[in-house]
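Have the viewer ready and follow along.

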Amino acid sequence: MSPTDPPGALPIADFDFELPPNLIAQAPVEPRDASRLLVLDRARGTIAHRRFSDIVEYLAPGDLLVINDTRVLPARLHGHRETGGRVELLLVRRVGDGVWEAMGRPLRRLRPGSAVHLVAGDGNATAAVRIEARLPEGLVRVRLPAEVEGRLGLFGEVPLPPYIHTPLSDPERYQTVYATAPGSAAAPTAGLHFTPALLDALRARGVEVARVTLHVGPGTFLPVKVADARDHPMHREWYRVPDGALLAIHRTRERGGRVVAVGTTCCRTLESLPDPLPDGGEQAGWTGLMIAPGHRFRQVDALVTNFHLPRSTLMLLVSALAGRETILRAYQEAVREGYRFYSFGDAMLIL
């Protein structure tokens, strides 16, 4: 922090680091759990270098692993305006029957009342998407005809993050093995490392597994562009915590186990729950929670996460859990050791 920063400021420059471009993973490793795992032990101040499949050794009987079962929509639509100009729409969230909020390019050309004409991937169907309104945060409200909304897989494609330039031969590789609830514009990438066999091994060890849902929005990729991170407009995402997950947390507390969140999405979901934690009943709604240093963690004891963009809200989150200097030290070591970064990269376990 600079001496000129106001009291309580959170300078985003303090969460920057140098990352060689060649460390940005362009493709996933096979099998999923063969990725590397940096284990950061906060209590001991140690770092260990393992394989992701070794995570079984670090979770104990009685712990609870919380996973996000959201599924990435084929939400990227390509089309053209009446004049022939190309348009790309990225559906962000459904706000009504056939009505969505979307990111659009080129935004200045998407005027209310205009249409974007789509052609299905097989070339055998066409449809028109109507632009209804311009919205804050660079979004537009669009109306999809039923034949598009009901067949997104035909008209759209799974959106990869902007820093991945290599097409996927199998789009399922950008889904977790437990993805069942369609609704995300991006994958909860910490979960990409798990295989069915690894989850079975954790259960056999006595680790309970609970599911929550948070539909990831494209805002998860956005760097913080303001000097003071407290001024960053946090994106809102829809979440659901079923009754069974709440009861699993209570059981874990009663037996002295740890709640281990798989990914920052699970972490934000759990930390958005009411305090004190309800005894039961589904909890659902929208969260715009930004977790940053100074946050008091109420539900999450440990975190499985990937390596994140500098100057991002995700860097703020992991720094809130482990401490800024500790995280930056771990990232420096990860760079030295050649870890792979971002969505298809390696993982970190913060204990």
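Among contacts between residues at least 6 apart in sequence, 72% join residues at least 24 apart, where contact means heavy atoms within 4.5 Å. This is a predicted model, so local features need pLDDT of at least 70 and side-chain atom pairs count only at pLDDT 80 or more, while totals for chains, interfaces and linings use all residues. Residues are numbered from 1 along each chain as its sequence is written, and side-chain values use heavy atoms, with hydrogens and water left out.

Along the principal axes, the C-alpha atoms fill a box of roughly 65 × 50 × 40 Å.

Of the 351 residues, 56% are buried, meaning under 20% relative accessible area with a 1.4 Å probe and protein chains only. The accessible surface comes to about 15,200 Å², and 51% of it belongs to carbon and sulfur atoms; the areas come from the Shrake-Rupley method with a 1.4 Å probe.

Now for the holes. On a 1 Å grid over the protein atoms alone, a cavity is a set of points where a 1.4 Å probe fits but cannot get out; a pocket is an open set with protein on both sides within 12 Å along at least five of seven lines, and lining residues have an atom within 4 Å of a point. A volume is the space filled by probe spheres set on the points. The search finds 3 cavities of 30 Å³ or more.

| Space | Volume |
|---|---|
| Largest cavity | about 260 Å³ |
| Second largest cavity | about 60 Å³ |
| Largest pocket | about 570 Å³ |
| Second largest pocket | about 400 Å³ |

What lines the largest cavity? It has 22 lining residues, with T189, T220, H308, L314 and S343 nearest its centre. Helix α5 (263-271) and strand β17 (302-306) each supply at least two of the lining residues, and α5 gives the largest share, 3 residues. By class, this lining has 12 nonpolar, 10 polar and no charged residues. Here Ala, Val, Leu, Ile, Met, Phe, Trp, Tyr, Cys and Pro count as nonpolar, Asp, Glu, Lys and Arg as charged, and the others, Gly among them, as polar.

S343 turns up again in the lining of the second largest cavity, alongside residues including R32, R173, H193 and F344. That lining splits into 4 nonpolar, 4 polar and 2 charged residues.

On to the pockets. The largest pocket has 20 lining residues, and R76, E88, R105, L160 and P162 lie nearest its centre. Strands β6 (86-96) and β7 (99-105) each contribute at least two, and the lining divides into 14 nonpolar, 2 polar and 4 charged residues. For the second largest pocket, 16 residues form the lining, with E137, L139, G219, L222 and H235 nearest the centre; the classes are 7 nonpolar, 5 polar and 4 charged.

One last stop is A334, in helix α7 (residues 324-336). A334 is buried, at a relative accessible area of 0%. Leaving out residues up to four places away in sequence, A334 touches L38, F307, Y339 and F341.

Notes
Helix = DSSP H or I, 4+ residues; strand = E, 2+ residues; numbered from the N terminus. Buried < 20%, exposed > 50% of the residue type's maximum accessible area, 1.4 Å probe, protein only.
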